[in-house]
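Biologist: I would like to learn how to read a structure of this kind, one feature at a time. Please show me the general idea and then the case at hand.

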Amino acid sequence: MTGLTNKKLNEKAKKVSKYLDRVFPNVECELNFSNNLELIIAVLLSAQCKDEYVNRATVGLFEKYKTIDDYADAKVNDIEKLIKSLGLYKAKSKNIVGMANMLRDVYNYKIPQTREELIKLPGVGRKTANVVLSVGFGIPAIAVDTHVERVTKLMGLVDINATPLEVEKKLMEIFPMKDWGKIHHQLIHLGRYKLPARGEKDTDPELERLLIE
């Protein structure tokens with residue numbers, strides 16, 4: 001349990017939202033992409049990798065491959081060479097080619113707009129699907145990565161033992177649907193820039209209160 005009643009939890013969620021709006025008013029996805037195909041590939045590549053590393057790797061990747069056919073017909077080892085700096089690059093390269101073939105052969109060159117269909121694609125889990133829905137299609141969703149999970153537990157918004165899926169469901173309960181996409185990015189920024197897992201934290205009195213309430 002979070003230790004807070006539903007009423008107190010909802011009140012705290014409003015305080016957290018107000019704080020995040022003040023500190024991170026205009027946040028967006030930090031991955032570089034120019035269309036939804038590039039978005040889903042970039043998010044797939046970001047697993048266990050920092051966005052800045054992904055952005056470096058995708059410069060060459062996105063220059064060479066432009067369409068679903070380009071990726072579907074690509075040799076896995078050619079993609080490996082372009083993303084070799086990233087962790088799990090062999091599996092990710094295989095998944096990119098497999099995903100492109102599925103988009104071509106099963107989905108008629110269209111990226112699915114439901115979570116249920118997105119997670120059928122190779123390399124696409126619930127978090128990646130939620131990012132694509134929210135960022136790519138403007139469909140309300142909250143993607144829970146390590147930053148989101150960690151900071152929401154630190155602030156007592158979710159149970160310390162909650163799974164990522166349980167975190168997602170709780171955040172969807174306590175934050176308005178219209179704010180889901182925004183709050184996802186704000187919580188990521190909070191974890192990256194003010195409450196990093198390693199190194200010195202950059203807190204302020206208001207954030208300190210949110211952490212101990």
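Modeller: Start with burial. Buried means under 20% relative accessible area, exposed means over 50%, and partly exposed is in between, with a 1.4 Å probe and protein chains only. Ile83, at 0% relative accessibility, counts as buried. This is a predicted model, in which local features need pLDDT of at least 70 and side-chain atom pairs count only at pLDDT 80 or more, while totals for chains, interfaces and linings use all residues. Residues are numbered from 1 along each chain as its sequence is written, and side-chain values use heavy atoms, with hydrogens and water left out.

Biologist: Which residues does Ile83 touch?

Modeller: Contact means heavy atoms within 4.5 Å. Not counting residues up to four places away in sequence, Ile83 touches Leu45, Ala57, Leu61, Tyr89, Lys92 and Ser93. A separate quantity is the C-alpha to C-alpha distance: Ile83 and Val59 are 9.9 Å apart in space and 24 residues apart in sequence.

Biologist: Is Lys12 buried or exposed?

Modeller: Lys12 has a relative accessible area of 3% and is buried. Lys12 belongs to helix H1 (residues 6-23). Leaving aside neighbours within four places in sequence, Lys12 is in contact with Leu4, Met155, Leu157, Leu210 and Glu213. For Lys12 and Glu213, the separation is 201 residues in sequence and 8.4 Å in space, C-alpha to C-alpha.

Biologist: What does Arg192 touch, and in which helix is its place?

Modeller: Arg192 sits in helix H11 (residues 180-194). At 24% relative accessibility, Arg192 counts as partly exposed. Its contacts, not counting residues up to four places away in sequence, are Glu30, Asp51 and His147. The C-alpha atoms of Glu52 and Asn32, 20 residues apart along the chain, are separated by 9.1 Å.

Biologist: Now the backbone. Which residues other than glycine have a positive phi?

Modeller: Gln48 has a phi near 60 degrees, and Tyr109 has a positive phi of about 70 degrees. Gln48 lies in the loop between helix H2 (36-45) and helix H3 (51-64). With a relative accessible area of 74%, Gln48 is exposed. Tyr109 lies in the loop between helix H6 (89-105) and helix H7 (115-118), and is partly exposed at 40%.

Biologist: How many aromatic pairs does the structure hold?

Modeller: Rings of Phe, Tyr and Trp (its six-membered ring) pair if their centres lie within 6.5 Å; planes under 30 degrees apart count as stacked, over 60 as edge-to-face and the rest as tilted. The structure holds one such pair. The ring centres of Tyr65 and Tyr71 are 5.2 Å apart and the planes are at 35 degrees, so the pair is tilted. Tyr65 and Tyr71 are both buried.

Biologist: How many helices and strands are in the chain?

Modeller: The chain has 12 helices and zero strands. The radius of gyration is taken over C-alpha atoms, and the globule rule is 2.2 Å times the number of residues to the power 0.38. For this chain the radius of gyration is 18 Å, close to the 17 Å that the rule gives for 213 residues, so the chain is as compact as a globular protein of that length. The C-alpha trace spans about 55 × 35 × 30 Å along its principal axes.

Biologist: What share of the residues counts as buried?

Modeller: Of the 213 residues of the chain, 46% count as buried. As for contacts between residues at least 6 apart in sequence, 59% join residues at least 24 apart.

Notes:
Helices (H or I, at least four residues) and strands (E, at least two) are DSSP runs, numbered from the N terminus.
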